[in-house]
Protein chains: 4
Amino acid sequence: MKFQPFFIALFTASLLFAQEHTHQSSRALEFPDIPGYVTLKTDLHQHTVFSDGNVWPNIRVMEALRDNLDVISLTEHIEYQPHKEDIPHPDRNRSYEIALQEAKDHDLLLVHGSEITRQAPIGHNNAIFIKDANQLLVNDAEDSFAEAKKQGAFVFWNHPAWYAQSPKGNPVLSDFQKERISSGELHGIEVINTGDYSEESLALALENNLTIMGTSDIHGLIDWDYVEKGHTRPITLVFAKERSKESLKEALFAGRTVAVFNSLLVGKEENLVPLLNASVQFEKAKYINNTSILEVTLKNVTSSDLIFENQMSYTFYSSSPVFTIPAEGTKTLQIKTLEKKDDLQIKLKALGAYIAPKEHPVITWNIALKDQE
Amino acid sequence: MKFQPFFIALFTASLLFAQEHTHQSSRALEFPDIPGYVTLKTDLHQHTVFSDGNVWPNIRVMEALRDNLDVISLTEHIEYQPHKEDIPHPDRNRSYEIALQEAKDHDLLLVHGSEITRQAPIGHNNAIFIKDANQLLVNDAEDSFAEAKKQGAFVFWNHPAWYAQSPKGNPVLSDFQKERISSGELHGIEVINTGDYSEESLALALENNLTIMGTSDIHGLIDWDYVEKGHTRPITLVFAKERSKESLKEALFAGRTVAVFNSLLVGKEENLVPLLNASVQFEKAKYINNTSILEVTLKNVTSSDLIFENQMSYTFYSSSPVFTIPAEGTKTLQIKTLEKKDDLQIKLKALGAYIAPKEHPVITWNIALKDQE
Amino acid sequence: MKFQPFFIALFTASLLFAQEHTHQSSRALEFPDIPGYVTLKTDLHQHTVFSDGNVWPNIRVMEALRDNLDVISLTEHIEYQPHKEDIPHPDRNRSYEIALQEAKDHDLLLVHGSEITRQAPIGHNNAIFIKDANQLLVNDAEDSFAEAKKQGAFVFWNHPAWYAQSPKGNPVLSDFQKERISSGELHGIEVINTGDYSEESLALALENNLTIMGTSDIHGLIDWDYVEKGHTRPITLVFAKERSKESLKEALFAGRTVAVFNSLLVGKEENLVPLLNASVQFEKAKYINNTSILEVTLKNVTSSDLIFENQMSYTFYSSSPVFTIPAEGTKTLQIKTLEKKDDLQIKLKALGAYIAPKEHPVITWNIALKDQE
Amino acid sequence: MKFQPFFIALFTASLLFAQEHTHQSSRALEFPDIPGYVTLKTDLHQHTVFSDGNVWPNIRVMEALRDNLDVISLTEHIEYQPHKEDIPHPDRNRSYEIALQEAKDHDLLLVHGSEITRQAPIGHNNAIFIKDANQLLVNDAEDSFAEAKKQGAFVFWNHPAWYAQSPKGNPVLSDFQKERISSGELHGIEVINTGDYSEESLALALENNLTIMGTSDIHGLIDWDYVEKGHTRPITLVFAKERSKESLKEALFAGRTVAVFNSLLVGKEENLVPLLNASVQFEKAKYINNTSILEVTLKNVTSSDLIFENQMSYTFYSSSPVFTIPAEGTKTLQIKTLEKKDDLQIKLKALGAYIAPKEHPVITWNIALKDQE
């Protein structure tokens with residue numbers, strides 16, 4: 001019995017009435033490049049039916065395209081295979097290979113990865129940029145990490161504060177992690193996983209110079225877990241020399257990342273400050289009539305609401321000192337500069353951003369006013 | 001290597017932040033019972049990774065619960081298995097069995113089904129209420145239909161007007177269908193599939209006394225193909241003696257159905273008229289002051305917008321004769337009855353409903369006014 | 001005591017924070033020109049504090065600009081002056097003069113008008129294009145109409161079906177109206193007033209060749225009475241030779257109007273048919289692949305939802321025969337033309353439009369297909 | 001010529017179609033009472049056609065009812081009468097009297113007030129709780145203030161930072177204000193006017209023990225200046241012993257107020273802290289499973305979004321330390337208390353609130369946990 005290519009048309013039927021006025025609210029993630037680097041939007045921790053997820057790998061590609069991501073990795077639990085009865089395939093690279101088929105016609109980078117899964121204190125760890133997932137499927141976690149290193153993988157500790165493995169939610173490094181770090185086998189740590197931002201994980205990242213990661217850890221649908229709740233999926237922004245897998249890998253090892261979830265941005269100061277600097281553009285600066293009140297429009301070029309607090313000595317006309325520039329929107333400030341000035345240093349604390357536990361960065365922008373009146 | 005039950009907790013993490021104010025717009029489908037019958041909301045044509053769909057069967061159960069369906073059937077192509085390399089399981093009942101696990105804790109009926117798939121003129125056909133899908137996997141379509149009959153199945157012809165199999169979109173019965181009907185092996189026909197309502201299929205249903213069906217034929221995600229476009233998934237309303245699989249089957253064989261897609265309702269007159277009658281409730285009828293203008297509120301108890309045109313000799317105050325009662329909303333009419341009356345026959349043509357190609361039903365309601373002023 | 005021009009700045013303060021992301025939903029009314037005429041959007045029945053309205057005349061000008069009207073008239077009751085104690089000015093032209101000050105910097109035509117107000121059967125009547133409202137303030141209604149004629153006014157009967165003056169809501173012409181018509185003193189009739197469309201008034205308009213009018217009759221705020229309820233204000237579209245008061249007047253006397261309220265359009269056939277013809281544009285017509293199914297996008301260039309029913313022998317793929325093209329939106333149809341054609345006559349009944357009581361116009365468009373595949 | 005009461009029905013026509021599904025977004029302002037006081041929502045600075053506003057006084061009453069205010073005052077400029085030609089009435093109490101007619105059937109308190117208007121440095125000042133506005137209309141501002149005091153008025157300085165009178169936006173007290181304060185003739189100061197929050201005015205309020213005020217200073221329509229821009233009108237919350245004009249007056253003289261504009265709340269510490277304490281309710285506190293992670297829902301019972309930053313040593317699971325509880329919405333926190341506790345002191349900094357320039361209050365709530373698990 002042979003089935004002809006008329007099956008190929010099966011999917012197109014459902015697209016026929018797709019052209020009308022759609023009700024889809026925009027969910028495209030947007031972040032600017034920073035000086036010297038392109039900003040890659042990545043979600044490097046995801047699951048499909050090939051471990052304990054609920055969708056075929058092609059759906060993960062489609063979700064990523066809708067979210068305007070640059071890079072994804074499908075990180076199946078290689079040891080935990082609840083669908084084994086129906087998907088007995090011994091090759092742990094299948095999820096990656098199938099996703100590759102879907103991604104090949106799109107502008108999306110796919111990084112080969114796997115999740116190495118143990119109980120606490122080893123916990124869950126993602127190895128990405130691997131060559132063969134099957135080689136990681138060994139009894140001792142130590143051997144698995146060693147093999148990942150051999151393949152050149154970048155490895156990060158997943159959700160250290162996950163309450164199922166850390167009932168107090170305050171993770172510390174065990175000997176296992178200390179050894180992996182010192183032997184160059186553990187390079188990053190999730191500071192945001194699902195919806196959880198862990199200040200303790202951030203402290204561990206800073207103390208041990210681990211790369212700061214944010215991931216969705218999606219098992220079901222991005223739409224159900226994030227979009228319909230008004231959330232954007234957690235991601236890691238990676239500042240790479242160019243848009244390629246090689247550059248991405250270099251940037252991850254170099255620690256050039258910011259984790260993002262909705263309006264929360266977490267990163268090392270040297271990464272987060274240039275990102276916020278590039279995230280706000282100043283437009284239409286001019287003094288109001290015969291006053292020394294400067295009107296200037298701040299444009300937020302990201303898909304995150306940005307919350308600021310005035311740190312200048314100058315006060316505002318017509319705005320609270322604490323204000324939000326909505327995602328891809330604008331906020332017009334009237335700043336009482338007391339005299340007409342030729343240039344001005346705008347200074348704002350970013351209340352939605354953290355460079356260390358409980359520590360917000362203060363961002364400054366110098367704007368020229370001479371020709372703008 | 002053994003993995004402990006701490007994996008069970010994996011999914012709960014993603015639920016942690018789920019309790020907040022969600023942005024999910026209501027998508028629950030609602031239709032009233034009609035005299036003598038309960039109204040079952042069904043989608044009896046769906047696919048998963050076990051044929052050419054993109055999700056694990058549990059997602060179909062979750063979608064159905066969100067849509068407030070009473071019954072679903074997963075109707076995998078038994079012959080067309082594009083994921084065979086990864087899902088080689090020879091048992092064509094697996095999709096049903098896995099969905100059963102997910103559905104067992106919920107108030108959702110699951111009907112065992114399969115799609116028998118051939119080129120035109122045989123086309124695609126769903127057999128539901130089967131016992132063993134494997135027995136249907138035979139070379140000759142005739143044998144497959146005979147086996148379905150042997151198992152007691154209800155069988156319907158899928159998307160006869162699908163342009164891949166009917167390039168002019170005007171299907172006719174082939175000898176194959178004529179024989180199946182006369183031998184009691186074909187009982188229904190899809191009049192709505194995906195977003196397509198086919199007047200030609202409706203004509204075939206009426207001429208051959210086939211049961212009128214509407215289905216989503218979903219392969220991807222209900223959210224992407226319907227919800228985010230502002231559509232509700234196509235369904236078949238079945239008027240059953242009680243809420244059980246047995247009653248559902250009896251009702252399908254008896255032809256007591258209405259196919260629904262958004263504000264479009266298609267059914268035989270004897271089914272559609274009582275449905276529309278029950279779909280509108282009349283409230284707060286009273287005459288305005290010293291006038292003979294009757295004010296009455298029409299409440300639409302369905303999840304479909306209902307479009308009507310006045311068929312009474314009496315005209316309206318403050319409304320066009322063509323008006324919509326929004327889904328689960330109200331519309332207040334002021335009817336100029338010329339004198340104060342004790343009762344009134346409201347008579348409206350349902351412009352979104354069809355009892356035959358190009359033929360709208362006219363619905364009447366008798367309302368008592370005596371005690372209401 | 002003298003107050004300096006610093007008061008002028010008073011209003012600007014409230015505009016300071018106006019530049020931000022506003023939440024204002026679009027309310028601009030849009031309708032296309034028709035062959036040979038420009039389409040003027042008018043609301044020729046309005047009130048201010050100078051009779052029984054609640055706002056200063058400048059608000060009426062601002063409302064009109066927000067609604068994108070071309071012409072308004074403030075038609076104060078010259079006899080009914082409930083604010084007389086505070087506004088004792090004997091000159092009935094003040095409302096017009098004050099509005100003129102506000103309108104002079106904007107692209108809005110202001111027509112001088114007044115309402116001549118009596119009990120039934122004379123009722124309420126608007127005289128517009130008057131020169132001096134004071135001359136109309138005389139005891140006998142007959143004299144008032146005669147004076148209006150002397151001034152060259154266009155006069156229309158307001159809300160004949162208003163239940164306060166017509167408790168059954170079924171107005172007929174009294175001797176007064178018959179005499180006014182025969183003596184050339186009554187030229188139009190409101191078929192839509194506030195939210196009320198009166199089929200009886202439409203019949204009177206057609207039987208007596210009166211110009212069909214639709215007006216808001218606003219006393220309070222357009223925002224409260226219409227916008228926040230999801231309505232657009234009732235207007236009269238006037239098809240004038242050019243955009244001037246003279247041309248408007250000529251067109252009103254010639255009866256070239258369509259009354260509009262939301263998706264309801266009422267007019268004489270010779271006016272309504274060309275309007276609907278111009279209201280829908282056909283785009284991107286092409287046959288789907290190897291089928292004889294023509295896909296074509298209908299663009300609604302008006303601010304009213306347009307509801308149609310298919311009147312062709314050809315049926316649709318993927319759409320109910322009854323469908324809505326949303327205001328300033330599109331609807332894509334797939335038409336089963338049975339063979340590939342070089343041109344096609346599209347034929348649709350406009351269910352939201354009336355050319356006579358209970359009579360919808362059928363609109364045809366000829367589209368060329370030869371070069372478009 | 002006499003016009004009969006059939007005119008009374010004129011307004012009801014426009015209400016006929018009002019009962020349908022309205023699109024009005026909720027704009028009712030809500031704030032809780034605080035221990036010992038009822039919280040009165042007031043807007044004590046407004047204009048109508050009786051000075052330089054654009055609406056009849058009844059509109060101001062209707063706006064207040066829509067906004068759920070408890071108290072308003074119409075504070076016409078007694079000296080500045082741009083509509084004098086049409087409204088020559090010499091009695092400056094007319095605006096109040098007319099509004100009283102509209103308010104008398106509603107649960108809205110109306111306070112008699114007037115604006116005393118001069119150039120800088122005297123500026124604009126509102127006297128409320130006056131008896132006769134005419135007596136304030138005298139040449140010397142000093143005499144006007146003396147008369148206001150004689151009538152028992154509460155007087156506040158309007159928009160000191162208004163750039164038309166303070167081009168640098170940094171007001172200081174002139175000798176005039178110093179004398180008025182020392183002679184008990186000036187009691188309050190606007191810290192929020194229209195959309196402008198002035199930190200300088202707040203400093204003046206605190207240094208001179210003036211009552212903190214927030215007002216809309218509306219001239220046009222609340223809908224256009226605030227609602228359609230997504231703003232709520234600025235108001236003053238007054239904490240009164242009971243809901244009466246006498247209690248309101250006592251509270252204003254005693255300085256028990258908080259000024260509110262959108263999510264900005266400004267007040268003296270002794271007023272703002274109890275308000276914020278009452279504004280958040282804690283619900284459903286319980287520990288998650290076998291963890292020491294406390295889940296608790298914070299309910300915001302106000303119509304302002306409330307922005308907080310965690311000030312506890314305990315960190316959060318699944319939330320940024322900076323978070324918003326949406327107006328009349330909830331936010332669920334998971335607090336890592338490290339051990340299961342019987343009670344907990346929640347401690348949050350209110351980032352949208354100011355008790356002094358640049359100084360946020362820190363709010364604490366003690367919640368019992370013993371019985372709640």
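Colleague: What are the ground rules for numbering and confidence?

Modeller: Residues count from 1 along each chain as its sequence is written, and chains are lettered from A in the order in which they are written. This is a predicted model, where local features need pLDDT of at least 70 and side-chain atom pairs count only at pLDDT 80 or more, while totals for chains, interfaces and linings use all residues, and side-chain values use heavy atoms, without hydrogens and water.

Colleague: What makes chains D and A partners in contact, and how many residues take part?

Modeller: Contact means heavy atoms within 4.5 Å. By that rule 37 residues of chain D touch 37 residues of chain A.

Colleague: How much area is buried between chain D and chain A?

Modeller: About 3,000 Å², with carbon and sulfur atoms giving 53%. Buried area is the accessible area (1.4 Å probe) that two parts lose on being put together, summed over both. Y163(D), K168(D) and Y317(D) supply 18% of what chain D buries against chain A, more than any other three residues.

Colleague: Why is the pair K336(A) and E200(D) called a salt bridge?

Modeller: The term needs a side-chain nitrogen of Lys or Arg within 4 Å of a carboxyl oxygen of Asp or Glu. In K336(A) and E200(D) the closest N and O atoms are 2.9 Å apart, so the pair qualifies. The rule finds two salt bridges across the interface of chain D and chain A.

Colleague: Which elements of chain D supply at least two residues each to the side that touches chain A?

Modeller: β7 (196–197), α6 (199–207), β14 (306–310) and β15 (316–317) of chain D. Helices (H or I, at least four residues) and strands (E, at least two) are DSSP runs, numbered from the N terminus.

Colleague: What makes E228(B) and R66(A) a salt bridge, and where do they sit?

Modeller: N to O is 2.8 Å, so the pair passes the same cut-off. The pair crosses between chains. E228(B) is in the loop between α7 (222–225) and β9 (235–240) of chain B, and R66(A) is in helix α2 (residues 57–66) of chain A. Over all chains, the structure holds 80 salt bridges.

Colleague: Why are β16 and β20 of chain B said to stand at the edges?

Modeller: The open sheet has four strands in the order β16-β14-β18-β20 (chain B), paired antiparallel. β16 (322–325) and β20 (362–368) of chain B each have a single partner strand, so one side of each is left without a neighbour in the sheet. The twist from one strand to the next averages 40 degrees.

Colleague: How do you know that β14 and β16 of chain B pair?

Modeller: Pairing takes at least two DSSP bridges between two strands. Four bridges join β14(B) to β16(B), so they pair. F308(B) stands opposite F323(B) in β16(B).

Conventions
Axes fitted to C-alpha atoms, helices over the stretch in contact; angles between N-to-C directions.
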